[in-house]
Amino acid sequence: MNVRNCRKCGRIFNYVSGPPICMQCREEQEKKFQEVKTYISEHYHATIPEVAEACDVDSNQIRQWLRDERLELAEGSGIVLFCEECGEPIRSGRFCDKCKNHMANRLSESIKKPEAPKPQPTKDPREKSRMRFL
């Protein structure tokens, strides 16, 4: 059993996985997420500081939800994210589609495919039964 203190409220809880926060704080965070999601869909020109102030959420938390692809920005949104690889503007996540595909291709190329076994030359079965002289 893995017992930890919640990073937000300090309560002791049984940690299973994910962020080290208790269930009560996790539920509160999920309510805030839904509030931010609704606000962004209604005010798609709002910037991160405006959303953070209106919803009483830390701006870093909003950025984290965008990077985790839990939130997606509408076209023409006031919030702009950039691909960490090439700097292209993106709507959510860390990388643009082009860079994701490129990384996936590099990964698949780095994994060597097993080669088919080379066929062994077949020997004549009569070859073994013959007597040899030196």
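This is a predicted model: local features need pLDDT of at least 70, side-chain atom pairs count only at pLDDT 80 or more; totals for chains, interfaces and linings use all residues.
**Helix 1 and helix 3.** Select residues 23–42, which form helix 1, and residues 59–67, which form helix 3. Their axes lie 12 Å apart and cross at an angle of about 80°. Helix 1 is therefore roughly perpendicular to helix 3. To see where they meet, show side chains for Gln 29, Lys 32, Phe 33 and Val 36 on helix 1, then Gln 61, Ile 62 and Trp 65 on helix 3. Sorted by class, this contact has four nonpolar, two polar and one charged residues.

**The largest nonpolar core.** Next select Val 36, Val 51, Ile 62, Leu 66 and Leu 71. Among the 21 residues of the largest nonpolar core, these five touch the most other members. Helix 1, helix 2 (48–55) and helix 3 each give two or more residues to this core. Helix 2 has the largest share, with four residues.

**Ile 62.** Centre the view on Ile 62. What is it in contact with, apart from neighbours within four places in sequence? The partners of Ile 62 are Val 36, Ile 48, Val 51, Ala 52, Val 57 and Leu 71.

**The second core.** Now select Cys 6, Tyr 15, Cys 22 and Cys 25. They are among the six residues of a second, separate core.

**Ser 108.** Finish in helix 4, residues 97–110, and pick out Ser 108. Is Ser 108 buried, exposed or partly exposed? With a relative accessible area of 42%, Ser 108 is partly exposed.

Notes: Residues are numbered from 1 along each chain as its sequence is written. Side-chain values use heavy atoms; hydrogens and water are left out. Buried means under 20% relative accessible area, exposed over 50%, partly exposed in between (1.4 Å probe, protein chains only). Axes are lines fitted to C-alpha atoms, for helices over the stretch in contact, and angles run from 0 to 180 degrees between N-to-C directions. Angles under 35 degrees count as roughly parallel, over 145 as roughly antiparallel, 65 to 115 as roughly perpendicular and the rest as oblique. Contact means heavy atoms within 4.5 Å. Ala, Val, Leu, Ile, Met, Phe, Trp, Tyr, Cys and Pro count as nonpolar, Asp, Glu, Lys and Arg as charged, and the others, Gly among them, as polar. A nonpolar core is a set of buried Ala, Val, Leu, Ile, Met, Phe, Trp, Tyr and Cys residues joined through side-chain atoms within 4.5 Å.
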